Amino acid sequence: MFTREVELESVGRSLLLSQEVEGDVGCVVWDAAIVLAKYLEVQEKGKRKLLEGSTVIELGAGTGCAGLAAALLGASRVTLTDLPDLLPLLEINRVQNLSGVTGVVEVQELTWGNSDQIQTLETPDVILLADCIYYGESLEPLVSTVKALSGANTTVIMSHEQRTDGNKPELQRRFFALMEKYFTQTHIAVEDQHEVYRSEDILIHEFKKRNQ
């Protein structure tokens with residue numbers, strides 16, 4: 001295990017993210033998670049203030065990069081969620097990033113599509129997703145989870161790296177088609193992201209729930 005540091009200049013703090021040398025996709029800090037974390041910092045430095053005093057849930061948190069950034073940037077409660085075998089790493093990262101956090105940060109098990117687990121969570125102000133489009137069988141459970149957790153005022157912010165290998169383009173197309181049924185979508189232009197931590201290959205989208 002080794003630690004990666006992600007600086008948040010606006011609050012004078014750095015995220016310290018432990019990650020595994022080998023393991024599943026949730027064991028490493030992906031570039032899309034860093035781009036999302038730095039986008040959140042840009043928003044909080046501006047007039048929008050999405051996170052200040054807000055409640056946040058990160059789905060498929062992995063190392064917790066985006067959710068922990070939200071905590072350091074002023075969220076009042078952040079819940080980092082993932083599968084059971086990834087919770088120990090999330091807990092390590094939660095503990096080593098509590099300095100400078102004024103709100104509550106918690107780690108909770110959540111398997112996408114599990115209604116019993118979903119019901120234990122309150123509707124958040126913000127839902128974060130970083131590079132969660134990997135497996136075809138997880139797309140519908142992921143979308144159903146985002147839908148179940150979202151209220152009329154919830155903002156869903158998602159980053160993902162565009163991949164062209166194998167079935168990845170088709171998975172991305174299917175994901176956005178499923179989201180389109182329940183959410184409106186806004187693409188965040190590259191120039192509205194962090195001036196350094198951004199890439200043409202990493203996209204950020206925001207979603208708002210449609211009136212059903």
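## Ground rules

Two residues are in contact when they have heavy atoms within 4.5 Å of each other. Please keep in mind that this is a predicted model, in which local features need pLDDT of at least 70 and side-chain atom pairs count only at pLDDT 80 or more, while totals for chains, interfaces and linings use all residues. Residues are numbered from 1 along each chain as its sequence is written, and side-chain values use heavy atoms, with hydrogens and water left out.

## The chain as a whole

The protein chain holds six helices and nine strands; these are DSSP runs numbered from the N terminus, with helices (H or I) of at least four residues and strands (E) of at least two. With a radius of gyration of 16 Å, close to the 17 Å that the globule rule gives for 212 residues, the protein chain is as compact as a globular protein of that length. The radius is taken over C-alpha atoms, and the globule rule is 2.2 Å times the number of residues to the power 0.38. The C-alpha trace spans about 40 × 40 × 35 Å along its principal axes.

Of the contacts between residues at least 6 apart in sequence, 69% join residues at least 24 apart. The protein chain exposes about 9,800 Å², and carbon and sulfur atoms supply 47% of that area; the areas come from the Shrake-Rupley method with a 1.4 Å probe. As for charge, the mean positions of the 19 positive and 32 negative charges are 6 Å apart. Lys and Arg count as positive and Asp and Glu as negative, leaving out His and the chain ends, and each charge is placed at NZ of Lys, CZ of Arg, CG of Asp or CD of Glu.

## Helix H5 and its neighbours

Helix H5 covers residues 139–149, and its buried residues are Leu 139, Leu 142, Val 143, Thr 145, Val 146 and Leu 149. Viewed down the axis of H5, these buried residues fall within an arc of 160°, so they line one face of the helix. The arc is that of the directions from the helix axis to the C-beta atoms.

What do the buried residues of H5 pack against? Their partners are strands E3 (55–59), E6 (126–130), E7 (155–161) and E8 (183–188), together with helices H4 (115–118) and H6 (168–180). Thr 145 of H5 is buried at 0% relative accessibility. Leaving aside neighbours within four places in sequence, Thr 145 is in contact with Leu 59, Leu 110, Trp 112, Gly 113 and Ile 118.

On the H6 side, take Leu 178, which lies in that helix and counts as buried at 15% relative accessibility. Beyond its neighbours within four places in sequence, Leu 178 is in contact with Leu 139, Glu 140 and Val 143. Leu 178 and Val 143 are 35 residues apart along the chain, with their C-alpha atoms separated by 6.9 Å.

## Helix H2, a covered helix

Helix H2 (residues 65–72) is mostly covered, with eight of its eight residues buried. Just after H2, Gly 74 takes a positive phi of about 115°.

Cys 65 lies in H2 and is buried, with a relative accessible area of 1%. Setting aside neighbours within four places in sequence, the contacts of Cys 65 are Leu 15, Leu 17, Val 29, Ala 33, Ile 34, Ala 37 and Glu 58. Cys 65 and Trp 30 are 35 residues apart in sequence, and their C-alpha atoms are 8.8 Å apart in space.

Lys 49 is in the loop between helix H1 (31–45) and E3, and its phi is near 55°, a positive value in a residue other than glycine. Asp 131, in the loop between E6 and H5, also has a positive phi near 55°. Are these residues buried or partly exposed? Lys 49 is partly exposed at 38% relative accessibility, whereas Asp 131 is buried at 4%.

Ile 92 sits in helix H3 (residues 87–95) and is partly exposed, with a relative accessible area of 38%. Apart from neighbours within four places in sequence, Ile 92 is in contact with Met 1 and Ser 18. Ile 92 and Arg 163 are 71 residues apart in sequence and 30 Å apart in space, C-alpha to C-alpha.

Note on methods. Buried means under 20% relative accessible area, exposed over 50%, partly exposed in between (1.4 Å probe, protein chains only).
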